[in-house]
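Colleague: I am new to this one. Could you walk me through the terms as we go?

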Amino acid sequence: MTLAIVLAADPAAGHLTEPGRPAGEPLTERLAAQWRRAGADDVRIAADLTELADLVAAATGPVLVSGADLVAHTAVLKHLATSPVGPTVALVLTDPPAPGQATVREERGQVVEVDAADATGVFGGALRVGAADLPALADAARRAAGAAPDAPDARLTDPASAPGVGAADGGPRNAVDRLVADLAARGTLIFAQRVRLLVAHRVGDEAQRAAAEAAVAAVDEDRAELKLSVKERDDFFTTFFVSTWSPYVTKAAARIGIGPTGVTMVSVAFAVAAAVLFGVGGRPALVAGAVLLYLGFVLDCVDGQLARYTRHFSAWGGWLDTMADRFKEYVVYAGLGFGATHAGFRYGWALALAAMTLQTVRHMTDTWYGALHDEAARRPKVVSADAGGIGGKLNAASTRVQADTGSVSYWLKRTVVFPIGERWALIAIAAALFGPLVALVAVLVWGALAFAYTGGLRTLRARWMRVPVMATVDAGLHRDDGVLARTLPTTRRPLLLAVLGALGAAGTLVWALLAVHGGGDLPVFVPVLALVLLLGAAQASRAPHEGSLDWLVPAALRAAEYLFAIAVGVAGRAPAWLIFGYVLVLTLHHYDLTARLEKRQSAPPLHAATLGWPGRSLLLAIGLIAGYASIALATLGAYLLVVFVASVVLAWVVLPARARGGVRSPG
C-alpha cells in the first residue's frame, strides 16, 4: 500500500489558498486530492515533522511526501509515484531556488549532493521513499524536528545543527527540504525525477500560485504525457525513423487496452517471422523479412512508450523487455546464419555464432561500465592526479559532446557505438538488398569496430575514475562461478586470470578449426590445457575485485566460456545449429543475471543448479574427450533451458503468489 503525506509545516501552507475557498484555508487539501488521483492508497496531512515521522514508522510500503507549496500537474505527481528508476526518487526542478529550498546536483539520474556549489537543479518539494529507506526517513524527520532523544551524537538532538536544517542562504529551511538533505547526507540512493513538458513550481505567495496555476492550465496534460512516452535521448535511427510516428501506435494501443507485455509478445512474433523469412531466402522473402524486422523494432519501442504513457511499470515487464530484446536479435542471427548456409556459404552458422558472442560480450561491458559510472557518481569528488591526463580529457570531452544535443558530434557519438536501432536497420537493409551473408558480415564488422572504440575509451576513462565497481556487488554471483569455483584455492589478479582463460579458449577454438579443416582431430592436451586456464580464472572467485578495470571480468569470463563451448562443438564435429542453440541458452542465463543487476534484484531462484561456468566447461571437456561432444552439448543445453524456464516461473509466478498469500506452501 502506498501512503502519501502532505506536510503542512512549511510557511507556504499557512497562506496559500484555493481559488473560491474561504481565505486562509491551506492548499494542502488540493495536494491531498492530487495524490489520490495519482494513485496513492492512503493520503494524510501531517501538521509537523513529528507527526510525519510517526506515520512513516507505521508504513509498510512506499511513502510519498510533499510540502504544501507545490503547484503541479497531477501527472507530475503520478510520474513520481510510479517512477521505475529506483525505490527512492526526488522531484527536481530547474526553477531558481527560493529561500529555504534545497539545491541538488545530479549525475546519471542520481541526486549525488544537496546544496552543492555546482548545483544542477532545485529540489521540487516532493519525493517517493522506498520501503527499505523508510527507517532513514522517519529518523530524518525526528532529527529535523529535534525529537531524537536516543541519538548517539549530540548534533542529532539539536535541530539547528542537524544536516539540512539551515538553508544554503543561511535562512530557515523548509521542512520537506530538511528531509531530502538529511537523506542525502546519510548516503541514501536518491534518483532524480525531472519535469519535462509538464509544469511544476514551488510557490511562496498568492501571485506565484496564480502564475503557476495559469501555467498548469495552459498545457494539454494528455498530449504532454504522450510526448513524454518517447525517450528524451535516443539513438539516431530510433529518433528520426521510429519515434516520429510510434507515439500514434502507442496511443492506439492504450485506447484498445493492449498492455506493454502484449506489445512485447507481438514484437517477438514479428522478429521470429523475419528470421524465418531470412532463412527461406529469395528476394521477396528477404524484403518481407526486412519490413517485419523494422515493424518489430517499432513495436519494441512502443512497449516502453506504452508503459511510460499508461504508467504501467513492473519488475516483470522490465525483465521481460530486456530478455525479449536479446532473444529477438539472436533469433534473427540464427535465421541469417541458416539463410547464408542454405545459399551455399559453408560458414553461415559460424558467422551467426560470432555475431551473437560478440554482441553478448559487448552487452556485458555495457552493463558493467554503466554500473561503474553509477558508482563513480555516488562517490565524493576527488581531484585525481591524472585530472589533466588522457582519461580526464576524454571524460571532459565526452561530457561536452553529450551536453551538445543535436550537434553532428553528438549524433556521431550516438551512432558509432552501434546501438540496437542501428543494428536492426543495418540488418534489414543489408538483408533486403544483398542477402543474409552480407548482413552478418556487416554486423560483425561494425560491431567489432564499435567494440574496439568503446572498449578503448572506456578503459582509459575507468583508469582515470579509479572506482572498484566489482567490489560493491556479489562478485561470485555476477561472475557466475558456481560451486566448483568455491572449492578451488583462491588466487588474486581476477582480470588477468579471466583474460588468460579467454585467450586459452580462443586458442583452442583456432586449433580446433584448423584441425577439422585439415581433416584431423584436436589433440587431447589442447582442451585440457584450455580447461586448466579456465579453472585458473575460477580461482579468483573469492579474491578482492578492487581494480579499476575489474568491471571487465564478467565480460572476459563470458567470452572464455562461449569460446570454449564453441571449440568443443567444432572439435567434436557437432552440428552448427546445436552449438548455436547451446550458446543461445547460455546468453539467456547471463542476460538474466545482468537484468537483475540493472533492476537491483536478487539471484534467480535456481541459480545454484546452473553449475557455474567452470562446472559447465568441465562437463563439456569430459564429453569431448569421451567422444560425445554433441551429446554433451545437447544434454547440458536442454538441462540449462529447463532450469532457466523453471527459475523464471518460480521468480515471477510462484514466489510472488506465495508472497501475496495466493499459493499455500506445501505441508
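Modeller: Start with helix 20. Its buried residues are P494, L495, L497, A498, G501, A502, G504, A505, T508, L509, A512 and A515. Keep in mind that this is a predicted model.

Colleague: What do the buried residues of helix 20 pack against?

Modeller: They pack against helix 18 (475-479), helix 21 (525-538) and helix 22 (553-571).

Colleague: How do you know that the reach of helix 20 is close to the expected one?

Modeller: Helix 20 covers residues 494-517, which is 24 residues. The expected span is 1.5 Å times one less than the number of residues. Just after helix 20 comes G519, with a positive phi of about 85°.

Colleague: What about helix 4, how does its reach compare with the expected value?

Modeller: Helix 4 (residues 134-145) has twelve residues. Its reach is 16 Å, close to the 16 Å expected. Buried in helix 4 are L134, A136, L137, A138, A140, A141, R143 and A144. They pack against helix 2 (49-58), strand 3 (63-66), strand 8 (121-129) and helix 5 (175-185). G146 follows helix 4 and has a positive phi near 75°.

Colleague: Why are helix 23 and helix 25 called roughly parallel?

Modeller: Look at the angle. The axes of helix 23 (residues 576-598) and helix 25 (residues 629-659) cross at roughly 30° and come within 9 Å. Angles under 35 degrees count as roughly parallel. Helix 23 and helix 25 are therefore roughly parallel to each other. Their crossing is left-handed.

Colleague: Which residues make the contact?

Modeller: From helix 23 they include L578, I579, Y582 and R596. From helix 25 they include S630, L633, F644 and W652. By class, the contact has 14 nonpolar, three polar and two charged residues.

Colleague: And what makes helix 9 and helix 11 oblique?

Modeller: Helix 9 (residues 246-256) and helix 11 have axes that cross at roughly 60°. They come within 9 Å. The roughly parallel class is for angles under 35 degrees, and roughly perpendicular runs from 65 to 115. Helix 9 and helix 11 are therefore oblique. Helix 9 passes helix 11 in a right-handed crossing. Among the residues in contact are P247, V249 and K251 of helix 9 and V298, L299 and Y309 of helix 11. The classes are nine nonpolar, four polar and one charged.

Colleague: Why is R311 called buried?

Modeller: The relative accessible area of R311 is 12%. Buried means under 20%. So R311 is buried. R311 lies in the loop between helix 11 (283-310) and helix 12 (315-342). Its phi is positive, about 60°, although R311 is not a glycine.

Colleague: How do you know that F418 counts as buried?

Modeller: The cut-off is again 20%. F418 has 0% relative accessibility, so it counts as buried. F418 sits in the loop between helix 15 (408-416) and helix 16 (420-433). Phi of F418 is positive too, near 60°, and F418 is a residue other than glycine.

Colleague: How far apart are V438 and A4?

Modeller: They are 434 residues apart in sequence. In space, V438 and A4 are 57 Å apart, C-alpha to C-alpha.

Technical notes: Residues numbered from 1 in each chain as written. Predicted model: local features only at pLDDT ≥ 70, side-chain atom pairs only at ≥ 80, totals over all residues. Heavy atoms only, no water. Axes fitted to C-alpha atoms, helices over the stretch in contact; angles between N-to-C directions. Helix = DSSP H or I, 4+ residues; strand = E, 2+ residues; numbered from the N terminus. Parallel < 35°, antiparallel > 145°, perpendicular 65-115°, else oblique. Left-handed = near helix turned anticlockwise from the far one by under 90°. Contact = heavy atoms within 4.5 Å. Nonpolar A, V, L, I, M, F, W, Y, C, P; charged D, E, K, R; others polar. Buried < 20%, exposed > 50% of the residue type's maximum accessible area, 1.4 Å probe, protein only.
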